[in-house]
Amino acid sequence: MNKHLIMALVCAAALLVSATAGAESLKFTLGGSDSAVTDTGYDYLDDDNFLTMGQLGADFTFVPGFWVGVEYDWGVRRDNTFGRLDTTLDIDGLLVNARYEYDVASFFSPYVQAGGGFYHLQLGANFGDERREDEAFAGVFHGLVGVEFHVPKKIVRRIFGISKRSTMGDFTFGFMLEGGYRVVTESSFNDLIRPEPDKKPEPEDRPLETEPVRFGDLDLSGVVMRSALVVRF
């Protein structure tokens, strides 16, 4: 994982911990997404034009119905459709989300969500026996409409013998389904070079210098469907 992304994740975690200290409710989600990518450059990375990713999120609320939080996204795509050309795309991202939901019933809450952040993209390509790599950052924005189903809190308290006044009085769990559109700014991969060796080779073992390989631009925008397991406190 890129060191800049690690630093961003650490900062986001610190901000989340400090913000949730006085929050009324806290929610954790773990799920995945599929999006339809129409950019022709993606044909060299996947033969079905669908990008599958995972997401891990933490949200908190001070005002009933309005949630804010952070989300970590990740994904890996590999393809060898074009003979001796093998490609790998590693994606790591960090987003900030804002959501408004309305409790229609004790077990059902529709919502709208908007979010934005960035993706770190690392592209690797094997041309026969030679390896080339390049990386880029892209802005990410999404708009989603979804529904969340959860077990009513009264039933959870009855099953687990939890007091309404305890710190676990609002505990419940369920799942969510959502769909919308994800916008990813275009990334340029026009400088694929040999990866740095683990140790500096001897002068006689150094490979001949070569020109960078141009892969072109990549746009991962598309319609997205997501689902996740949810735990609320």
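Which strand gives the most to the lining of the largest cavity?

Modeller: It is β2, with 3 residues in that lining. This is a predicted model: local features need pLDDT of at least 70, side-chain atom pairs need 80 or more, and totals for chains, interfaces and linings use all residues. Residues are numbered from 1 along each chain as its sequence is written, and side-chain values use heavy atoms, without hydrogens or water.

Now the cavity itself. On a 1 Å grid over the protein atoms alone, a cavity is a set of points where a 1.4 Å probe fits but cannot get out, and lining residues have an atom within 4 Å of a point. The count is 1 cavity of 30 Å³ or more. The largest cavity holds about 90 Å³ of space. Its lining has 13 residues, and Thr29, Asp59, Glu71, Arg99 and Arg226 come closest to the centre. Sort the lining by type, and you find 3 nonpolar, 5 polar and 5 charged residues. At least two lining residues come from each of β2 (50-63), β3 (66-82), β4 (85-101), β7 (172-184) and β10 (222-232). Strands here are DSSP runs of E, at least two residues long.

Next, the largest nonpolar core. Its members are buried (under 20% relative accessible area) and joined through side-chain atoms within 4.5 Å. It has 18 residues, and Leu89, Ile91, Tyr119, Leu121 and Leu220 touch the most other members. β2, β4, β5 (108-127) and β6 (130-150) each give at least two residues to this core. Take Tyr119. Leaving out residues up to four places away in sequence, the contacts of Tyr119 (heavy atoms within 4.5 Å) include Met53, Ile91, Leu95, Phe137, Val140 and Val184.

Last, the rings. There are 8 aromatic pairs in the structure, with ring centres within 6.5 Å. Phe28 and Phe233 are edge-to-face (planes over 60 degrees apart), because their planes meet at 75 degrees, with centres 6.3 Å apart. Phe28 sits in β1 and Phe233 in the segment after β10, so this pair ties together parts 205 residues apart in sequence. Phe28, at 37% relative accessibility, is partly exposed. So is Phe233, at 31%. Phe171 and Phe233 have centres 5.6 Å apart and planes at 40 degrees, so they count as tilted. Phe171, at 16%, is buried. Phe28, Phe171, Phe173 and Phe233 form one aromatic cluster.

Notes
1 Å grid on protein atoms, 1.4 Å probe; cavity = no way out; pocket = protein on both sides within 12 Å on 5 of 7 lines; lining within 4 Å. Points joined across faces, edges and corners; volume = space filled by probe spheres on them. Helix = DSSP H or I, 4+ residues; strand = E, 2+ residues; numbered from the N terminus. Nonpolar A, V, L, I, M, F, W, Y, C, P; charged D, E, K, R; others polar. Buried < 20%, exposed > 50% of the residue type's maximum accessible area, 1.4 Å probe, protein only. Phe/Tyr/Trp six-rings, centres within 6.5 Å; stacked < 30°, edge-to-face > 60°.
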